[in-house]
Amino acid sequence: MTLATRLKYLAGVALFAVACQGVHAEESIDEGERRAQHAGAELIGKPAPAAVLQTIDGERIDLAQLYGKKPVYLKFWATWCVPCRQQMPGFEEVQQTLGDDIQVIAVNTGFSDDIESVRAYRQALGLSMPIVVDDGSLAAAFNLRVTPQHVLIGRDGRIAHVGHLDDAQLHAALQRVLDVGTATVAASPNEQADAGRRFKVGDQVEGVQLAMLEGAAVSLDQASGKPRALVFFAPWCESYLAESRPQTSQACLRVRQDVDRLAAQSGVEWFGISSGLWTSKQDLQDYKASTNTQLPLALDEGDALFRAFGVRDIPSVVLLDAQGRVAQVLKPQDTHLAEALDSISAR
């Protein structure tokens, strides 16, 4: 594709994006852009990570090998995300029109998602770009805070744009990264994610602190002599997923009700740990007020605790015994929370 053709295409798409969003733009969409730009502000101009990705078809993509040759467009998304689905036709159009000039990669967040849903989604929407499922590493590297979240990496290997909307800003950024010819490649970080400790069943929990919503800090290193229950969730699960992922929504409601009932009993220390995806402290305060939950809450803004305990699905409950070891991990489909608590309390 010639430069003139690319410019004409990008200008047309940008005008279309503005027209589509115009007076019909919802406040929540604008809030998504604000959150994405806030999270990405510290990344702009910095070298992108030298991550090696594997697609759902088993292909290997080495980002470091692309830097210096062509720009990269990463789009973080989820099958349960409504604006992601709305934007996918435009994303596929970018792949079809500009795919020879820019490496387009669809990055499923892997958050409360599964490979079967991803494959079905690809087929239903006719997506042709490579698709990878994140284990949380890319989300950490690119400060994922919303879905969808766009990340453009220039030919020089530096992060050029982070956003949420399929709008004029995105397409202007696409134009900029395509216009740059040869460039000196920035040195990429060797690590694509944080190197924090990962805890599995039987491990002693060390080096973990919870920043509680009220401002206090709780160290899980300090054994209290009681079992502890860590409830991993998101405040939007019950409401937002009611239509796009009803089973997950119902599981979140069930676990919240079970936790509120069981937390009233003595003998266990409870902590609710919210994902930072689409969640601020104010969102968490609003959730606490609207549900009247008595569960002490902490915001895991960058999802570091989710990664530390290997939690990729909400709701999940990690149970620690009285000695501070991981005793059990209950997934959304597990309905025996009371029995599991009795089991570790009896130890």
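Student: Why is P89 called exposed?

Tutor: P89 has a relative accessible area of 57%. Exposed means over 50%, buried means under 20%, and partly exposed is in between (1.4 Å probe, protein chains only). The value for P89 is 57%, so P89 counts as exposed. Before we go on, this is a predicted model, with residues numbered from 1 along each chain as its sequence is written. Local features need pLDDT of at least 70 and side-chain atom pairs count only at pLDDT 80 or more, while totals for chains, interfaces and linings use all residues, and side-chain values use heavy atoms, with hydrogens and water left out.

Student: Where is the place of P89?

Tutor: P89 sits in helix α4, residues 82–98. Helices (H or I, at least four residues) and strands (E, at least two) are DSSP runs, numbered from the N terminus.

Student: How many helices and strands does the protein chain come to?

Tutor: The chain has 12 helices and 14 strands. Of its 347 residues, 51% are buried.

Student: What makes R245 buried?

Tutor: The relative accessible area of R245 is 16%. The cut-off for buried is under 20%, so R245 qualifies. You'll find R245 in the loop between α8 (237–244) and α9.

Student: Which residues is R245 in contact with, leaving aside its neighbours within four places in sequence?

Tutor: They are T79, W80, S112, D113 and S117. Contact means heavy atoms within 4.5 Å. Take D113: R245 and D113 are 132 residues apart in sequence, but their C-alpha atoms are 9.7 Å apart in space.

Student: What makes I273 buried?

Tutor: Its relative accessible area is 0%, so I273 falls under the 20% limit. I273 is part of strand β11. Beyond its neighbours within four places in sequence, I273 is in contact with several residues, including L210, F232, F233, A298 and F306.

Student: Which residues in helix α12 are buried?

Tutor: In α12 (residues 337–345), they are L337, A340, L341 and I344. They span an arc of only 100° around the axis, which means they are on the same side of α12. The arc is that of the directions from the helix axis to the C-beta atoms. An α-helix has 3.6 residues a turn, so residues three or four places apart point the same way. On the other side of α12, E339 and D342 are exposed.

Student: What do the buried residues of α12 pack against?

Tutor: Their partners are α9 (246–263), β11 (269–275), β13 (316–320) and β14 (326–330).

Student: What joins T147 and P148?

Tutor: A cis peptide bond, with omega of about -10°. P148 is in the loop between α6 (137–141) and β6 (149–153). The peptide bond from I314 to P315 is also cis, with omega near -5°.

Student: Which residues are closest to the centre of the second largest pocket?

Tutor: A pocket, on a 1 Å grid over the protein atoms alone, is an open set of points where a 1.4 Å probe fits, with protein on both sides within 12 Å along at least five of seven lines; lining residues have an atom within 4 Å of a point. The second largest pocket holds about 300 Å³ of space, a volume being the space filled by probe spheres set on the points, which are joined across faces, edges and corners. Of its 13 lining residues, H38, R145, T279, S280 and E301 are closest to the centre. Helix α2 (residues 27–40) gives the largest share of the lining, four residues.
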